[in-house]
Amino acid sequence: MGSDLNILFAVSELAGIVKTGGLADVAGALGPWMRKLGNDVRVIMPAYRQALEALTTDVAGAGEVCLGSQGKMGFAIRQGTFEGVPVYLIEHNHYFDRSGLYTHEGEGFGDNTERFAFFCKAALQVCRILSFKPDIIHGHDWQSALLPYYLKTHESGNAFFADTRTVLTIHNGAYQQHTDRALLDVLGIDHHWYTPDFFEDHGHINLLKGGIAFADKITTVSPRYAEELQTDLGSHGLAYIIGRRKQDFSGILNGCDYQQWNPGTDALLPANYSLHDLSGKAVCKQALQEQLQLPVSTDKPLYGLVSRLAGQKGFTYLIPALWQFLQDDVQVVLQGAGERTIAAELSRLVSAFPDKCRFVKAYDNRLAHLIEAGSDFFLMPSLFEPCGLNQMYSMKYGTLPIVRAVGGLVDTVKGYNSAGGEATGFMFDSADSDALLHCLNQTNVVYQDGQLMSRLVVNAMNESFTWEQSALDYLEVYRSAS
């Protein structure tokens, strides 16, 4: 396999077009970088209603695939360009013309398995129809996990794909898509492969597990998360199947989009600032306090959070810790949407501490940027975190992250206790409120020491996590797959 590769990114979302999480950021950043490095990169994804609204496209062809007893179903290929990369949208209204990507009002669509099996089969058809012969098909998460299987079984005798290899990236191992074994024939999974070494998982089909078994190479989004996925505690049940593929498994740290997240150029801020002139950060803090009607003060440390409201993010021990911590002279600003029970508990915090705490029950991008810039510390106490991006944003904004010692948080943040003078944030180990409260109290002490606080802010702002390095690391994986 040479240095200039034909690469197909098979993704379920793409930052700048449609996004629900970090998968979209990876897909949106890696493609342009692979192109800059001299590769022919194409992206393929479903033609969601939102995608068709966001991207100008033309019809480039049509095809059809068969899903078992459901028979043949047609699709159109719509082609556009994003950041210089060709993007193909698979248009099939029954499966993709919906209000959401995967869910409606918080509930997953009942036919998600069939929807993305259709997508995977159509992706291979598109390659043939458009005469694009990929060296690498790079799939992401369970939504494209059937691609390696289809390539190695359904297309095993097809000379067109004789030199094509697959890479599957696990962005979050907790989402695997378990589905009823009655769908084996619809999905085109031969009963020979319905065993614990491949697709079978406690009497169900596990799409991600099957993808791991059939992909030529498997990656995840940080070195530490790669280690965790090989343990019983941190693998979400995948330790056995990943252990069997250990030689083909690696962790590559995500990069950060500093074009979007740079306090020196951020157009969403009331004032810009840099490492050499931090005066704008104080302006942002005052603007955040004023916008959310908190007392304006430079003496009080301000703690920010922007997060999905989900158990993964550590709310079970963050909320009890905040009940204690808000007794002190501090301010806390929380923004997020998700589980109603978590939202209700955060609202109770605001009621109990009306002069210290605010909760915005929604995601607002402008406010998210202001929280990153106007806060002194950023809360990210995740139960698990495959990579995480907000800790990278926070450090560049001179906002010290408070993280638990898991996943990509370990790979990016240097904790105050262990790193000493090189610290870029604060880290705690145990998933409990006492450990987090101890860490929070430590940050308050550091804040009162202006010289020490300034040194940590400088350390943090000097950190850099580039997508260029991630792209180079992925290229090594691609070449090793040959």
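**Figure 1. Asn206 in strand β12 of the predicted model.** Asn206 lies in strand β12, which covers residues 204-206, in a structure that is a predicted model. With a relative accessibility of 0%, Asn206 counts as buried. A polar atom of the Asn206 side chain is placed 3.0 Å from the backbone nitrogen of Lys209. Once residues up to four places away in sequence are set aside, Asn206 touches Gln176, Gln177, His178, Phe199 and Asp201.

**Figure 2. The aromatic pair of Tyr149 and Phe214****.** The structure holds 26 aromatic pairs, and one of them joins Tyr149 and Phe214 in an edge-to-face arrangement, with 5.1 Å from centre to centre and 80° between the planes. Because Tyr149 belongs to helix α5 (residues 146-152) and Phe214 to helix α7 (residues 207-214), this pair ties together parts of the chain that are 65 residues apart in sequence. Tyr149 is buried, its relative accessible area being 1%, and Phe214 is also buried, with a relative accessible area of 6%.

**Figure 3. The aromatic pair of Phe198 and Phe214, and the cluster that includes these residues****.** Phe214 also forms a tilted pair with Phe198, in which the centres are 5.3 Å apart and the planes make an angle of 40°. This pair links distant parts of the chain, since Phe198 is in the loop between α6 (184-187) and β11 (200-201) whereas Phe214 is in helix α7, 16 residues apart. Phe198 has a relative accessible area of 17% and is therefore buried, the cut-off for this class being under 20%. One aromatic cluster is formed by Tyr149, Tyr150, Trp193, Phe198, Phe199 and Phe214; Phe199, a member of this cluster, is also among the residues that Asn206 touches.

**Figure 4. Charged side chains over aromatic rings at Trp33 and Phe109****.** Lys36 lies over the face of Trp33, at a distance of 4.2 Å from the ring centre. In the second example, the charged end of Arg98 sits over the ring of Phe109 and is 4.8 Å from the centre of that ring.

**Figure 5. Ala423 in the loop between α16 and β20****.** Ala423 is found in the loop that runs between α16 (416-419) and β20 (426-428), and this residue is buried, with a relative accessible area of 0%. Apart from its neighbours within four places in sequence, Ala423 is in contact with Lys414, Gly415, Tyr416, Leu456 and Asn459. The C-alpha atom of Ala423 is separated by 36 Å from that of Ile212, a residue 211 residues apart from Ala423 along the chain.

Note on methods: Residues numbered from 1 in each chain as written. Predicted model: local features only at pLDDT ≥ 70, side-chain atom pairs only at ≥ 80, totals over all residues. Heavy atoms only, no water. Helix = DSSP H or I, 4+ residues; strand = E, 2+ residues; numbered from the N terminus. Buried < 20%, exposed > 50% of the residue type's maximum accessible area, 1.4 Å probe, protein only. Contact = heavy atoms within 4.5 Å. Polar contact = N/O pair within 3.5 Å; in protein donor to acceptor, adjacent residues only side chain to side chain. Phe/Tyr/Trp six-rings, centres within 6.5 Å; stacked < 30°, edge-to-face > 60°. Lys NZ or Arg CZ within 6 Å of the ring centre and 35° of its normal.
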